[in-house]
Amino acid sequence: MRILLIEDDENLNRQLAQMLRDSDYVVDCAYDGEEGHFLGDTEPYDAVILDIGLPQMDGVTVLDKWRQAGRNMPVLILTARDRWSDKVAGIDAGADDYVTKPFHIEEVMARIRALIRRAAGHAAATITCGPIELDVKASKATLDGEILRLTSHEYRLLSYLMHHQGEVISRTELTEHLYDQDFDRDSNTIEVFVGRLRKKIGADWIETVRGLGYRMQAPG
């Protein structure tokens with residue numbers, strides 16, 4: 001899953017980004033509203049963490065511009081504790097949730113996981129596909145109760161396919177959501193990771209839809 005983090009406090013930005021990456025998210029960082037707006041307007045993200053008080057362009061304006069342009073990714077806004085009006089303005093502009101500063105980073109992580117699950121149509125904390133279970137909080141997957149030994153890229157691939165199981169996902173979409181903006185993207189790499197993942201969970205779980213991409217669903 002790919003996250004856009006827009007926060008002008010460099011220390012907080014760094015801490016949040018590290019926590020997200022430790023949980024196997026791909027993270028792009030921005031430090032002002034103009035850069036953040038541009039990234040959110042041109043790159044696909046599974047969720048955005050957006051500070052309201054940003055230089056260049058404030059967070060409410062950034063969010064309002066995205067929604068007017070039809071950008072519908074889940075957005076978690078960060079607001080100051082004593083600025084209740086910012087919360088109202090953010091929600092009215094199209095935010096999906098908010099956290100007030102100061103906060104525990106674990107709370108931000110929990111809310112981001114929930115936003116991504118709900119956006120993909122999953123309510124439970126554990127996502128299942130037959131005997132395969134994905135625990136997004138622990139960043140681990142099991143097959144018939146046995147932990148799957150996955151690399152970071154294999155886990156990200158499995159996570160994205162399981163969040164969108166039953167859908168045909170193109171190689172381009174997978175590449176855009178598994179790597180950050182600076183990665184030298186090569187869709188052929190996806191084929192390699194799909195092949196490795198099939199060896200670990202079974203070839204029948206990930207279907208190749210010729211000319212379109214991949215679809216994960218329970219065999220039969």
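Which residue's side chain meets that of Arg111 in a salt bridge?

1. The structure is a predicted model, in which local features need pLDDT of at least 70 and side-chain atom pairs count only at pLDDT 80 or more, while totals for chains, interfaces and linings use all residues. Residues are numbered from 1 along each chain as its sequence is written, and side-chain values use heavy atoms, with hydrogens and water left out.

2. The partner of Arg111 is Asp97, and their side chains meet in a salt bridge at 2.8 Å, N to O; a salt bridge here is a side-chain nitrogen of Lys or Arg within 4 Å of a carboxyl oxygen of Asp or Glu. This pair links distant parts of the chain, with Arg111 in helix H5 (residues 105-119) and Asp97 in strand S5, 14 residues apart. Helices (H or I, at least four residues) and strands (E, at least two) are DSSP runs, numbered from the N terminus. Arg111 is partly exposed at 28% relative accessibility, whereas Asp97 is buried, with a relative accessible area of 14%; buried means under 20% relative accessible area, exposed over 50%, and partly exposed in between (1.4 Å probe, protein chains only).

3. The structure holds 10 salt bridges, and one of them joins Asp28 to Arg2, the closest N and O atoms being 2.6 Å apart. Asp28 belongs to strand S2 (residues 26-30) and Arg2 to strand S1 (residues 2-6), so that 26 residues separate the two, and the pair links distant parts of the chain. Asp28 counts as buried at 3% relative accessibility, and Arg2 is buried as well, at 0%. Arg2, Asp28 and Glu43 are linked in a network of salt bridges.

4. The structure holds one cavity of 30 Å³ or more. On a 1 Å grid over the protein atoms alone, a cavity is a set of points where a 1.4 Å probe fits but cannot get out, and lining residues have an atom within 4 Å of a point. The largest cavity has a volume of about 100 Å³, a volume being the space filled by probe spheres set on the points, which are joined across faces, edges and corners.

5. Among the residues that line the largest cavity are Met1, Asp24, Arg113, Tyr155 and His163. H5 and helix H6 (152-163) each supply at least two residues of this lining, which has five nonpolar, three polar and three charged residues. Ala, Val, Leu, Ile, Met, Phe, Trp, Tyr, Cys and Pro count as nonpolar, Asp, Glu, Lys and Arg as charged, and the others, Gly among them, as polar.

Technical notes. 1 Å grid on protein atoms, 1.4 Å probe; cavity = no way out; pocket = protein on both sides within 12 Å on 5 of 7 lines; lining within 4 Å.
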